[in-house]
Amino acid sequence: MSTSRKNYDVVIIGAGVVGCAIARELSRYHIDIAVLEKEADVGWGISCRNSGVVHAGFNYEPGTLRAQLCVEGNKTFNELCLELDVPYKKIGKFVVAFKKEEITELKRLKKQGEENGVEDLQIVGTDELKRMEPNIQGLAALHSPNTAITSPYGLTIALAENALKNGTAFFLNTEVTAIKKNNSVFRITTPKKTFTSAYVINSAGLFSDRISRMAGAEKYRIYPCRGEYFILDKNTSKLVNHLVYPVPKAGYGGLGVHITPTVDGNILLGPSNEYIKNKGNLSSTSKVMKMLVSESRDFLPLVSNRDIIRSYSGIRSKQAPSSEGGFWDFTIGESRMVENFINLIGIESPGLTAAQTIAQKVVKIINKKEKLKISSKFNPFRKGILRFEAQSEDVKKSLIKEDPDYGEIICRCEKVTKKEILEAIHNPLGARDLISIKYRSRAMMGRCQGGYCLTRIIELLKEKFHLDPRDITLKGNHSSLLTGYRSNEVKIS
Amino acid sequence: MTEKDVIIIGGGAAGLAAALACRERGIKDILIIERNAYLGGILHQCIHDGFGLEKFNASLTGPEYAQRYIDLVMSKKIPYLLDSMVLDLNAKKEILVTNRQGLHHYHAKVIILAMGCRERTRGAIAIPGTRPAGIYTAGVAQELINLKNYMIGRKVVILGSGDIGMIMARRLMLEGAEVLLVAEKLPYSSGLPRNINQCLYDFDIPLLLNHTVIDIKGNGRISEVALAEIGKRGGIIKKSKRKIPCDTLLLSVGLIPENELSRQAGVILNPITGGPEVDERGQTNISGIFACGNVLQVHDIVDNVSLEAEYITEGIIDYLQGQLKKHQAIQIILSNGLRYVVPQKILTLKDTIFSFRVNQPGKKKTLLFEENNTLIHKTFFSRVNPAEMLRVKLSSEELENIKRLTVRLV
Amino acid sequence: MNRKFVCIICPNSCQLKVEYEDKTIKKIIGAQCPKGEAFVKNEITNPLRVFVGSVKVTNGNFKLVSVKTPNPIPKKYLKHIGKITHSLEIAAPVAIGQTIASNLLNEKIDLVATRKVRKKNLSIKK
């Protein structure tokens with residue numbers, strides 16, 4: 001790298017799954033990397049808020065980056081998850097035709113998939129579908145055995161932790177407010193610190209258009225498009241064995257309302273597809289919530305309102321305006337206006353599947369210019385928090401013997417032990433919000449939504465970090481759970 | 001594998017009363033398994049009074065009521081485990097318990113399910129809007145304030161006029177917070193009438209019937225809710241929508257019996273009560289597994305929980321001693337006016353206590369037990385309210401030779 | 001003056017309709033027992049309530065001891081007592097019925113403990 005004074009070689013703006021994947025890929029080399037993230041933890045944009053699907057690649061137009069990077073990403077995803085100790089289940093997907101006219105679409109998707117290099121796609125008839133999915137009545141279906149599911153927040157956190165371990169510096173709660181370039185050095189201003197670097201990678205997701213403009217690069221425009229979901233109780237996990245998607249409606253701009261099992265045994269209904277004005281508007285809406293249930297029940301009548309645990313939503317970074325709908329291809333490349341400023345714009349589905357392949361592409365861009373040196377210290381392996389519940393009885397017994405904190409269950413619904421919660425609290429990135437603990441331990445994700453464990457987790461947080469009650473937050477600034485101690489409140493009317 | 005005669009899962013009101021009743025009837029080999037660091041369950045956070053009016057002829061607070069039973073359990077040296085969670089229960093009545101000392105396998109001749117219930121959440125009732133901090137179910141708020149000495153907010157909106165919501169309204173006011181209103185989606189309050197007086201009217205807290213929360217705003221912490229009136233046909237009256245700035249939303253929107261272990265064991269649950277389907281002895285479909293307390297049906301008065309636990313002990317003793325009462329299967333048909341009746345079936349002949357809830361509030365109602373058109377038993381109630389569980393005893397003489405019992409409210 | 005009350009003496013919770021002038025009851029409809037009239041009389045002259053709340057405990061197995069006034073106190077004092085509990089503290093052990101504070105507001109209002117609190121177990125958790 002050039003020898004002008006700078007504190008980093010590469011600054012990555014945005015610690016979503018793509019930003020963290022890029023950090024990890026770059027950390028294979030002898031370079032200094034910093035990741036700047038405006039939220040209190042990694043992945044709080046769309047990365048933690050999607051369906052967690054590892055797509056096979058038949059939904060994308062041949063020749064596009066989406067198609068190519070998805071298919072490649074799919075092939076190496078299992079290995080990635082093994083390295084990073086992230087859940088991965090290759091359960092396969094059915095795209096189901098319920099009307100005769102939809103069967104043509106199945107054939108089109110199959111052909112498109114094959115053109116993209118997707119393997120093992122098969123069209124099956126009613127009987128075969130019924131055999132594999134007894135609760136779905138369709139005319140025919142496209143079976144994609146290579147579609148898989150993972151934990152999107154698990155992966156984002158794992159990528160970040162591995163990058164961190166391999167030398168990347170992470171700066172959370174660090175929002176970029178200005179980017180200037182002097183000679184060949186970028187000056188990136190944030191409220192607490194100014195960073196300087198030779199390269200800037202713009203993986204700011206929803207705000208990547210803003211970041212690009214800030215740097216004087218291309219004037220992209222991101223249109224936020226919200227997808228709402230319902231999470232169903234684990235008691236519904238036997239309803240389906242695969243992902244089940246109805247045939248997508250043309251020009252829909254999303255992939256339709258699906259039934260998506262999660263790696264933990266829940267089922268997701270959704271997502272919806274709605275262009276919105278405000279990029280931060282994660283509201284669930286009554287209209288969509290009704291639609292999610294009624295549309296899912298159209299092809300899976302056993303879905304019931306009673307099974308709903310929770311709703312959530314994510315916002316896609318779309319480059320296609322609402323008047324157009326549909327999808328634009330990924331924009332990945334060095335800016336033509338600002339040298340060494342690499343833009344990643346409009347990374348929506350299949351951004352999760354392609355996270356690593358996108359990262360590799362970015363590394364190639366830099367490598368072409370810099371001839372990066374591989375670091376022998378790079379360790380691709382990362383161990384996550386051991387899930388007590390998933391262990392055999394013998395292992396459970398020895399775990400408790402070694403550390404009695406494994407014998408204390410804090411989250412009853414998900415059977416998460418005190419030890420796991422403590423490990424989540426003391427995570428390598430230093431994230432301390434309840435949501436961060438939730439994503440790392442699974443506590444509070446069960447049917448009682450923290451009814452039993454919330455007070456216990458609050459107590460543990462307070463004890464371990466000697467916090468004032470007001471500093472216990474749900475998700476970053478201004479999200480305090482408590483206003484203080486009971487006995488300090490001395491208001492009386 | 002440790003063998004026990006009776007294992008009671010849950011050391012709250014139901015579990016303690018069941019343990020005592022079993023001991024009083026001569027069962028020695030009992031074990032109570034409790035997940036908290038103390039016995040007494042939810043009673044410890046219910047610091048208001050009104051408990052024990054029937055059982056002890058006094059108006060006790062929750063902790064006092066609990067202590068009466070805890071003292072008896074201690075004096076009779078009934079064994080119990082604290083900080084212990086049952087991870088698994090199967091139909092063979094084997095359980096797996098975990099605590100800091102390790103994993104433990106038990107097998108019991110009789111398992112008493114006494115796990116209580118959990119609260120219905122915001123997520124489950126799908127309130128639209130954002131998901132900020134400051135949204136609490138009433139029980140969690142109660143625990144934070146009454147057991148952990150925290151304050152949860154300053155300007156509170158409460159959804160649900162169930163007892164817990166109203167009790168918390170008063171609690172919050174006495175602790176210096178401002179409760180702006182209580183919204184209730186039904187046309188009547190779902191809690192005990194005296195709580196409306198003591199918790200809402202006393203503090204001039206408006207009770208808005210036929211209202212619900214239709215939106216939540218706020219990114220970090222909640223900043224506002226939107227309320228709307230519900231029309232006669234159940235839809236939202238759009239013109240009635242108004243925004244209420246607040247920093248806390250408390251939900252008191254229902255309790256759900258905590259039957260995950262029951263499900264694991266293959267116990268059949270009733271969709272209306274949310275609890276196991278039981279017979280006149282309190283026995284579930286699995287021989288030797290009994291249920292009592294909130295896990296069986298959500299109670300409103302703890303005295304009834306204790307009475308229910310004591311009642312099922314009769315059946316438990318018979319089971320352990322191999323004594324079978326006269327076999328007589330009676331099908332129970334539920335008719336108008338009733339939300340549910342427990343037990344859902346009768347298999348043997350004995351004096352049977354029926355618990356039930358009505359669908360609508362009413363005055364001067366009679367509960368009729370009939371076979372075809374023959375009257376078996378009737379009880380008059382001057383007032384009935386869905387919020388108040390009613391209990392009626394039918395003797396074995398009354399039930400003799402009956403095959404089909406219709407229960408209805410007129 | 002006409003007003004509705006819910007009698008709180010027992011769970012019957014009789015809904016009473018009362019006609020009264022100043023502090024004299026003219027008519028009560030809906031009471032199922034004589035306690036209803038006594039209750040209403042109190043409500044219009046000097047409404048009384050039992051206060052329930054919590055007080056901090058030092059060194060106990062619970063952080064707070066739940067408390068109550070042994071007898072109903074004038075309703076107007078409830079919030080003031082609530083405020084006072086914020087500044088009270090008592091050391092474990094605490095027995096049920098133990099007096100935590102006396103003669104609050106100089107009105108002979110006492111607070112008694114309603115929860116048994118043991119001294120915190122100081123042994124290290126295994």
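## Around Y65(B)

Leaving aside its neighbours within four places in sequence, Y65(B) touches L43(B), F51(B), G52(B), L60(B) and V302(B), where contact means C-beta atoms, placed from the backbone, within 7 Å. This comes from a predicted model, in which local features need pLDDT of at least 70 and side-chain atom pairs count only at pLDDT 80 or more, while totals for chains, interfaces and linings use all residues. Residues are numbered from 1 along each chain as its sequence is written, and chains are lettered from A and ligands numbered from 1 in the order in which they are written.

Y65(B) sits in helix α2 of chain B; helices (H or I, at least four residues) and strands (E, at least two) are DSSP runs, numbered from the N terminus. Y65(B) counts as buried because it has 28 C-beta neighbours inside 10 Å. The cut-offs are 20 or more other C-beta atoms within 10 Å for buried, 12 or fewer for exposed, and partly exposed in between, with C-beta atoms placed from the backbone. G50(B) is 15 residues from Y65(B) in sequence, and their C-alpha atoms are 9.8 Å apart in space.

## Helix α1 of chain B

Let's move to helix α1 of chain B, residues 13-24. Its 12 residues reach 16 Å from first C-alpha to last, close to the 16 Å expected at 1.5 Å a residue; the expected span is 1.5 Å times one less than the number of residues. Of the 12 residues in α1(B), 10 are buried, so the helix is largely enclosed by the rest of the structure.

The buried residues of α1(B) include A13(B), G15(B), L16(B), L20(B) and C22(B). They pack against β1 (2-9), β2 (30-33), α2 (62-75), β8 (102-113) and α8 (302-320) of chain B. Just after α1(B), G26(B) takes a positive phi of about 105°.

## Domains of chains B and C

Chain B is divided into domain 1 (1-119 + 254-323), domain 2 (121-251) and domain 3 (325-410), with bounds from an automatic or database domain assignment. The centres of domains 1 and 2 of chain B, taken over C-alpha atoms, are 31 Å apart. Their contact takes 6 residues from domain 1 of chain B and 10 residues from domain 2 of chain B.

Chain C has domain 1 (2-45) and domain 2 (52-113). The C-alpha centres of these two domains of chain C lie 30 Å apart.

## A five-stranded sheet in chain B

Chain B holds an open sheet of 5 strands in the order β23-β21-β28-β25-β26, with mixed pairing; two strands pair if DSSP finds at least two bridges between them. At the edges stand β23 (345-348) and β26 (374-384) of chain B, each with a single partner strand, so one side of each is left without a neighbour in the sheet.

Strand β21 (residues 327-334) of chain B pairs with β23(B) in the antiparallel sense over 3 bridges. Here Q331(B) stands opposite K345(B) in β23(B).

## Strand β20 of chain A

In chain A, strand β20 (residues 341-345) is mostly covered, with 5 of its 5 residues buried. F341(A), N343(A) and I345(A) point one way from β20(A), and I342(A) and L344(A) the other. In a regular strand, side chains alternate between the two faces of the sheet.

Strand β12 (residues 194-202) of chain A runs parallel to β20(A), joined by 3 bridges, and V200(A) has F341(A) as its bridge partner. Strand β19 (residues 331-334) of chain A runs antiparallel to β20(A), with 4 bridges, and E334(A) is partnered by I342(A). β19(A) and β20(A) form a hairpin with 6 residues between them, and N340(A) in the turn has a positive phi of about 65°.

## Where the chains meet

The contact between chains A and B takes 48 residues from chain A and 39 residues from chain B. On the side of chain A that touches chain B, the largest share, 5 residues, comes from α9(A). Pairing also links these chains: β23(A) and strand β11 (residues 150-151) of chain B are antiparallel over 2 bridges, with G484(A) opposite M151(B) in β11(B).

For chains B and C, 25 residues of chain B are in contact with 29 residues of chain C. The elements giving two or more residues to the chain B side are α2, α5 (163-174) and α6 (193-200) of chain B, and α6(B) gives the most, with 5 residues.

Definitions and conventions:
Contact = placed C-beta atoms within 7 Å.
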